[in-house]
Amino acid sequence: MSLDHLISIRDLDYREAVQLLDTAEQMAATQSRRVKKLPTLHGRTVVNLFFEDSTRTRLSFEAAAKRLSADVINFSAKGSSVSKGESLKDTALTLQAMGADAVIVRHSSSGAAHRLAHAGWMNLPVLNAGDGTHQHPTQALLDAMTLRRHYKRDPQANQAEPLAPGTDLKGARVVIVGDVLHSRVARSNVDLLTLLGAQVTLVAPPTLLPVGVENWNCVVEYDLDRAIAQEPDAIMMLRVQRERMSGAGGGFFPSPGEYHAAYGLDSQRYARLPDDAIVMHPGPMNRGLEICAQAADSPKSVIVEQVSNGVSVRMAALYLLLAPEGTTRD
């Protein structure tokens, strides 16, 4: 792969996206062994630089790096010099001086990862673990990996069997529902899923759609029931990001109950999904708001599988950015 960083899905072309997913499948195959650790990045140091709270993403990147035998330094803005006013530039210079080999960054400001990678402060690969409302590329990749594993596959077949290399998502119908306005996950998924050939429909109230969404490469729908009637292959419920709103809904919707009635995946809507459709969620879930317990815990739900695939995708990204040329995965 020719990339020096992984900042945005838009940095990838079709070939690179499929290569990442195929590599993630190879990484996943190694995780069924008794000894899961690979020697690939032995002696390398990866820094988790998190300016926003995170559990799943931080732990997933940490697990991925350690399973490739890298050393991991976890850096939290809280309790660090950042809380004393240290700039992003000075933090970058410090990491370079400490001998880091790659930086995984999550930041509340859109564009922070790009700035860190391209401002000339350090000469290290940067992986974007989410920047503001902009991009979350590895989340989109793990979502695509999960969908690839289920789309048009016989549910009775052995799901442990590897996919054929080069598999894409041509013709898949994906509905993404909820707080699109604040969601870097939605943006990244629209970019990646359409790059791989899927048809994406966004469903949300007008107040939770960003300005310019009509220019995205997708269909915009305001009626969830109408979208479900189109028989999607997957439905992804986005978390309502109440921390980015003031009050319960911050004026974006009348009340949690009314939001769930109009845009939640309740038991009635769940029952109308096609038999082979899958239910997805980037987590953490607000049960009873965007998704009911029946849907979240159902056989159609692949939410736990998404978490597992996240480790494989992040192993693949670290491998492709950091492994010496010619290194094998075994």
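Predicted model: local features only at pLDDT ≥ 70, side-chain atom pairs only at ≥ 80, totals over all residues.
**Exercise 1. Find what lines the largest pocket and which helices contribute to the lining.**

Let us start with the space itself: the largest pocket has a volume of about 650 Å³. Now turn to the helices: H2 (56–67), H5 (137–150), H6 (184–195) and H11 (303–322) each supply at least two lining residues. The largest share, 6 residues, comes from H11.

**Exercise 2. Describe the largest nonpolar core, and say which residues have the most contacts inside it.**

Begin with the count: this core has 92 residues. Leu169, Leu202, Ile235, Leu265 and Leu318 have the most contacts inside it. Helix H11 gives the most to this core, with 11 residues. Then zoom in on Leu265: leaving aside its neighbours within four places in sequence, its contacts include Ile228, Ile235, Met237, Tyr270, Cys292 and Ala295. His260 and Glu290 are also among the contacts of Leu265. To finish, a second, separate core of 17 residues includes Ala92, Leu116, Leu124 and Val126.

**Exercise 3. Are Cys218 and Cys292 buried or exposed, and how many disulfides are there?**

Take the cut-off first: buried means under 20% relative accessible area. Cys218 has 18%, so Cys218 is buried. Cys292 has 13%, so Cys292 is buried too. For the last step, a disulfide needs a pair of cysteine sulfur atoms within 2.5 Å, and the count by this rule is 0 disulfides.

Key:
Residues numbered from 1 in each chain as written. Heavy atoms only, no water. Buried < 20%, exposed > 50% of the residue type's maximum accessible area, 1.4 Å probe, protein only. 1 Å grid on protein atoms, 1.4 Å probe; cavity = no way out; pocket = protein on both sides within 12 Å on 5 of 7 lines; lining within 4 Å. Points joined across faces, edges and corners; volume = space filled by probe spheres on them. Helix = DSSP H or I, 4+ residues; strand = E, 2+ residues; numbered from the N terminus. Core = buried A, V, L, I, M, F, W, Y, C linked by side-chain atoms within 4.5 Å. Contact = heavy atoms within 4.5 Å.
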